[in-house]
Amino acid sequence: MILRRPFFWIILIIAAVFIYWPLHGDNVALREDLILVAIAVILASNLNLMIGYTGYVNFGHIVFYGLGGYMGLYLATVRGWNLILSALVAGVVVSLFALLFGLAILRLRGAYFALATIGILQAVQAFVSNFDPWGRSTGMYLSFDNYQPLGGAMHALWITYDLIIAVMALSMILSLLVKNSKFGLGLFAIREDEDAAVVLGVNATVYKAIIYSVSAFLPAVAGTLMFYKNGMIDPSIAFEFMMSLEGIVMLMLGGQGAVMGAALGGGLYETLRSRLLTSTTLSEFHLVIAGGLLLLVVLFAPGGLMGWLYRIVPRARTVIE
Amino acid sequence: MSGVLASMIDGVLVGAVYGLAAMGLSLIWGVMDVINLTHGSMIVLGMFGMYLVFSAFVTNAYVLLLPVMGAGLLLGIVVYWMAVHWVVGRSILMSLLSTFAVNMIVIGIGTAIWTTTPYNVSYTLPGITLGAYTFTGNHIAAAIAATVIALALQLFLYHTRTGKAIRAVSDNRDAAELMGISTTAVLTIAFAIGIALAGTSGALVSTLFPFTILSGAVYQLKSFVVTILAGLGKPFGALVAGVLLGLLEGVITPFIAVSWIPLIEFGLFVVALVAFPQGIFGKRAAA
């Protein structure tokens, strides 16, 4: 039972802190910082399902976030749907799209799969940049009227914030659920030795396609919420390759394979990045620092922060998963 | 109709440069099973390297390929010992990430120095005019240079001791080691050559088109397409596949808007990966 897992309650506590902290004194600046952290955690957690659990590197994970943003914004503004419904429908559609692509490209293993994910990201970006209903390369903009259904812009921003935090908590709970299921064990088996897993009766093709599709759902929902909050979307920000790669850095930093690793890495990296971007001397070097950090982690601590913690305190494994 | 033909010929000329870039990627991938994600940034460093030496000594840009190539070899050795040596033979994720980390560092430093504004190397050779169409001299010279370098690499790999050692390590690292080949030295040399090829192709591209510090990504992806089409460890196949990609660009450019070209190229890339994971010229086997 998930309720018996201490980590489940830790996730809820983290989410509660995220929700109540900025309410204290109506701190909008803090809210904006925490939104970026939450998005980072969502992306890293769902990426963890592919990289950490299944051992397949997805370089184009951001494509789910961007497509979800486009799909949801289109439904919410042009079609005038309810925001939550638009986000959920966007999530489902993007998941189906991922399932379709997954069945095709998951025949590839290792590096070939990783390269195919780059190809898919770039192809989708090129398609959206030429797609008329979604505003081609100029993208889509929201007007103040679009926020009326949620009681005006100011109110709407707080609602989207709470929804994004909910998606963050759901992402971590999803990681926890998958980790403790038979399905998750099958994924770990694929990660360790795919051929052996197949021999032992794991239907690797189906498992991989399902997890690829599942890892698309929450990022797509988050994409709708985030771009709705920002009030605009265009292909270069929706499908930013850099952001996709930063997700991998976050995951490696925190520790791939651990639920908390993805969350911790996401939170730490995003905090570090915003500090660097606002500093006048270091803002130009944030890429250099992120790259250096990644190199150090890969060469000296491939288990990331959680791997390090587990080595020092082995019992932590049972509480902080 | 002859407009399409002219566009095709130009595509072939540019394609030879794509092929040269892909040869570097393919060599490293084939020999040490490392997908070199620094490739794009090394191409860009080649472009800026050419820009710097050309500003310093205004002379024939094709003579300046030599210092760029030499600097590429040195840089390759540095990058190999910084990020690659420690991950050769470990899981593919590790080498993807460590080379990508170097890529981020290079692009970060480059952005700080040169920002993201476009640069160009203003060197023009007289072109050849055939009827209504003129083929620029730079495109012709770049294609010739790319082909000459590709041939030189082919000769090196098949007719020198070091070249044969590289191929031996590529075929079976353990067996090569047992035959007394120092694999560490061979891997260093192969990586350095791969980087030098990327840098040289970047230098050639800089004489054809304007470039920014971020241009590398485009050429890196083209190199991936070419390498996948050609199959791994087939440097000459890469040149042919590069020419084919250039030809394809040349054929479709007159008919559709430029903004659609990435979709076609990346679509082709994914289809090629799925359909021919061993390359069109490669062995047929499961990936």
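Analyst: Let us begin with one pair of helices. In this predicted model, α3(B) passes α8(B) in a right-handed crossing. The two helices, residues 65-84 and residues 183-206 of chain B, pack at an angle of about 135 degrees, and their axes are 7 Å apart.

User: How is such an angle put into words: are α3(B) and α8(B) parallel, antiparallel, perpendicular or oblique to each other?

Analyst: An angle has to be over 145 degrees to count as roughly antiparallel, and 65 to 115 degrees counts as roughly perpendicular. The angle here is about 135 degrees, and α3(B) and α8(B) are therefore oblique to each other.

User: Which residues of α3(B) are buried, and where do they lie around the helix?

Analyst: A residue is called buried if 20 or more other C-beta atoms lie within 10 Å of its own. By that criterion the buried residues of α3(B) are L65(B), V68(B), G72(B), L75(B), G76(B), V79(B), Y80(B), A83(B) and V84(B). Viewed down the axis of α3(B), they fall within an arc of 150 degrees, so they line one face of the helix. On the other side, L66(B), G70(B), L74(B) and V78(B) are exposed.

User: What covers the buried residues of α3(B)?

Analyst: The cover includes α2, α4, α5 and α8 of chain B, together with α13 of chain A. V297(A) is buried, with 24 other C-beta atoms within 10 Å. Apart from neighbours within four places in sequence, V297(A) is in contact with M252(A), L253(A) and G304(A).

User: How is the contact between the two chains to be read?

Analyst: The size of an interface is often given as the accessible area lost when the parts come together. Here the description is by residues: the contact takes 34 residues from chain B and 35 residues from chain A. On the side of chain B that touches chain A, the elements giving two or more residues are α4 (92-114), α9 (216-230) and α11 (261-275) of chain B. The largest share, 16 residues, comes from α4(B). This side of chain B divides into 29 nonpolar residues, five polar and no charged.

User: How does α11(B) pack against α5(A)?

Analyst: Helix α5 of chain A, residues 110-128, and α11(B) pack at an angle of about 155 degrees, with axes 8 Å apart. The two are therefore roughly antiparallel to each other. α5(A) passes α11(B) in a left-handed crossing. Contacting residues of α5(A) include Y112(A), L115(A), I120(A), Q122(A) and F127(A), and those of α11(B) include P262(B), F266(B), V270(B) and L273(B). The residues of this contact divide into 13 nonpolar, three polar and no charged.

User: Is S223(B) buried or exposed, and what does S223(B) contact beyond its neighbours in sequence?

Analyst: S223(B), which lies in helix α9 of chain B, counts as buried, with 30 C-beta neighbours inside 10 Å. Leaving aside neighbours within four places in sequence, S223(B) is in contact with A21(B), A22(B), L25(B) and H39(B).

User: Which loop positions deserve a look at the backbone?

Analyst: A positive phi in a residue other than glycine is one feature to look for. Phi of D33(B) is near 60 degrees, and D33(B) is found in the loop between α1 and α2 of chain B. With 17 C-beta neighbours inside 10 Å, D33(B) counts as partly exposed. T115(B) has a phi near 50 degrees and is placed in the loop between α4 and β1 of chain B. T115(B) is exposed, with 11 other C-beta atoms within 10 Å.

Technical notes
Residues numbered from 1 in each chain as written. Chains lettered and ligands numbered in written order. Predicted model: local features only at pLDDT ≥ 70, side-chain atom pairs only at ≥ 80, totals over all residues. Contact = placed C-beta atoms within 7 Å. Helix = DSSP H or I, 4+ residues; strand = E, 2+ residues; numbered from the N terminus. Nonpolar A, V, L, I, M, F, W, Y, C, P; charged D, E, K, R; others polar. Axes fitted to C-alpha atoms, helices over the stretch in contact; angles between N-to-C directions. Parallel < 35°, antiparallel > 145°, perpendicular 65-115°, else oblique. Left-handed = near helix turned anticlockwise from the far one by under 90°. Buried ≥ 20, exposed ≤ 12 C-beta atoms within 10 Å, placed from the backbone. Arc of directions from axis to C-beta.
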